[in-house]
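Here is a briefing on one protein model.

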Amino acid sequence: MKMKKFLACVWVFSLLILATGCKKTRTQPEAAAQEFKWQVDQFADLRILRYQVPGFDNLPLSQKELIYYLGQAALCGRDIITDQNYKHNLTIRQTLDAIVEGYKGDQTDPQWEKFMIYTKRVWFSNGIHHHYSTDKFLPEFTPDYFARLVKESDGVQFPLVEGQTLDDLIAFLRPILFDPSVDAKKVSQDSTKDLVTNSAVNFYEGVTQAEVENYYKSIMDKNDPTPISYGLNSKVIKKGGKVVEEVYSANGLFKPAIERIVFWLEKAAGVAESDLQKRVIEKLIEYYQTGDLEKFNEYNILWVRDVNSRVDFINGFIEVYSDPMGMKGSWESIVNFKDLEATKRMETIAANAQWFEDHSPTDPRFKRKEVKGVTGKVITAAMLGGDAYPSTPIGINLPNANWIRRTHGSKSVTLENITYAYDQASLGSGFNEEFSYSQEEVDRAKKYGSLAGNIHTDLHEVLGHASGQLLPGVSSEMLRNYHSPIEEARADLFALYYLMDDKMVGLRLFPTLEAAKADYDRNIRNGLMTQLTRIQPGKTIEQAHMRARALIAHWVYEKGQPENVIAKKIKDGKTYFVINDYQKLRRLFGELLAEVQRITSEGDYEAARDLVEAYGVQVDRELHQEVLDRYSKLNLAPYSGFINPDYTPVIENGRIIDVKISCPDDYVKQMLRYGKEYSFLK
Ligand code: ZN
């Protein structure tokens, strides 16, 4: 399971960064942070950011080497995800790459700019369908212009199949690129139609949904307590009238790319941190060589056991969101290493879980007598590949197989250098300035916003969800459709209540409670106003986290009216919300936490419904329109992706003596280079 930015339970992002692995100037960390250009490109609804890899330079050589090899393996699967997304994607991408390299004609032509935007979108989505909506996006240049580009590109190779001419290629691609009705949707969710034949994703060919269902019904063993992940690593086709699976492996489908992945994994196994990690990597290799899903189970079991290694990775056919049938894994890889400082921060909070529980403002009957914080780790992403590049999750919880999670556990990670990059990029966007009432708020957000956001997330995840208990005979299902927003509100209120506690300074999580103010500012602003940027005009709030935030902000706003705790102010025709008394606001958070905990512990459905419906669902139409207007003037792209760092081994006498990291800022260059150096499929 992955958490995407904006969809995640983890919803505030950032980190306390002390030194950076990219462009690092240790003596002047602040100056370095200011110089670093986080956003390097923006087009269509996308922006391209960079991320830093703090701490890389200080890793021992063997771990740098391990990251380098695993990073190479991560890049070798780029063609796989491109092909999985749609069967003509590789031909399209190779054609676009050839034009970008070979066309030396008039590049001031407005059509050229449109061509480049289209190409960059194809790179971003690993194909011609939008990475998020999965709709096919269309070029804004003409088919004739496209034909001209192909013909006037010199000294480059187009992906021609035998006997094919350039004219044939142009004629072949024309409807695929320009006809909106051809393969319009990558993943169809319309269950009134055949999900398989109406999805352009390349997991099935020549088969219907019913045939796929019957096939898997015939091979699945329903009584197996330790089942394999059926269909995870294969394409289903028809051969001689029979439905069969073509398995992805070093001897099957995607052979040339998987062989390269295995090549680098073998090198990685040679510098593994421990015997266990070596076995993890070797098991993965065995799985790639055979395609045997039993081996993938064994690999996952070993992988969850390996909690002590500093360096870790994901590499394989993992998430099934792109399959309308929810079986086929999209290839992805993330190479990372543990952020020791931030993980310590999480552990400090978890170690004090009982203190927090005992001091919470909830009724003693609803408190947990023995509370254990949920532990996870904070990681630094070092390389993104496949489905995780350029668009990447901010949190991951794997493996996905339920029985393995139950029996052997799972790993939950937060990619903090990624959320930090998001945060830093948004600082320069004008968003805070637009919706903050005073310069003081803006400055406070700059200074403490990241840190406070992280602690908020930790408190929410590590303590909030793990706190409290249900009365005997009560189950969480009793709140039915209001369970999720109430649960999210409960975890959030737990965090908000404690952020303003002296304990935060006592545990050295905050240097001062000014940091908490920054988070209060953001939560009130967001719950009352800015999260409306994600709601269509005329719609109400549906998503559970958004309902929770609206509920909290509207409730404390209303209850604080007699004492003017939060003031609504109008300046130059714009609306702002200003907190007048942070301590009183904290008390209100505590009151609401007590009530939400009561609702949860007693399973009080009516009270849950009334609270959510009264404060968490409805949208003030006038304010909504105002917020949308102000937001659109900022010209912000809603989706982001990342350029990877480059790793260069320093070799002396045939041995690697160091690995250098650099953070390139040219998106086009990186994509063209990957297209050349990591392209193994046709
Ligand atoms: Zn949550």
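A residue is called buried under 20% relative accessible area, exposed over 50% and partly exposed in between, using a 1.4 Å probe and protein chains only. By that rule Thr414 is buried, because its relative accessible area is 14%. The model is predicted: local features need pLDDT of at least 70, side-chain atom pairs count only at pLDDT 80 or more, and totals for chains, interfaces and linings use all residues. Residues are numbered from 1 along each chain as its sequence is written, and side-chain values use heavy atoms, with hydrogens and water left out.

**Domains and their interface**

- The protein is divided into domain 1 (5-75 + 253-642) and domain 2 (87-128 + 139-178). These bounds come from an automatic or database domain assignment.
- The centres of the two domains, taken over C-alpha atoms, are 39 Å apart.
- Contact means heavy atoms within 4.5 Å. On that basis 13 residues of domain 1 are in contact with 6 residues of domain 2.
- About 690 Å² is buried between domain 1 and domain 2, and carbon and sulfur atoms give 71% of it. Buried area is the accessible area (1.4 Å probe) that two parts lose on being put together, summed over both.
- Phe43, Leu46 and Pro390 lose the most area on the domain 1 side, together 53% of what that side buries.

**Polar links and interface make-up**

- The rule finds 1 salt bridge across the interface of domain 1 and domain 2. A salt bridge is a side-chain nitrogen of Lys or Arg within 4 Å of a carboxyl oxygen of Asp or Glu.
- Lys120 and Asp41 meet in a salt bridge through their side chains, at 2.9 Å from N to O.
- Strand 2 (39-43), strand 3 (46-50) and strand 14 (639-643) each give two or more residues to the side of domain 1 that touches domain 2. Strand 3 gives the most, with 3 residues.
- Helices (H or I, at least four residues) and strands (E, at least two) are DSSP runs, numbered from the N terminus.

**Asp45**

- Asp45 sits in the loop between strand 2 and strand 3.
- Not counting residues up to four places away in sequence, Asp45 touches Arg121, His130, Ala637, Pro638 and Tyr639.
- The side chains of Asp45 and His130 make a polar contact at 2.8 Å.

**Glu273**

- Glu273 lies in the loop between helix 9 (255-270) and helix 10 (275-290).
- Glu273 counts as partly exposed, because its relative accessibility is 30%.
- Leaving aside neighbours within four places in sequence, Glu273 contacts Gln63, Leu66, Ser309, Arg310 and Val311.
- A polar atom of the Glu273 side chain lies 2.6 Å from the backbone nitrogen of Val311.

**Two threonines**

- Thr95 is in helix 4 (residues 89-102). Thr95 counts as buried, because its relative accessibility is 0%.
- Leaving aside neighbours within four places in sequence, Thr95 contacts Phe146, Val150, Phe158, Pro159, Leu169 and Leu173.
- Thr414 lies in strand 11 (residues 411-415).
- Not counting residues up to four places away in sequence, Thr414 touches Met346, Lys377, Val378, Ile379, Ile394 and Gly395.

Key:
A polar contact is a pair of N or O atoms within 3.5 Å; within protein, one must be able to donate a hydrogen and the other to accept it, and residues adjacent in sequence count only if both atoms are side-chain atoms.
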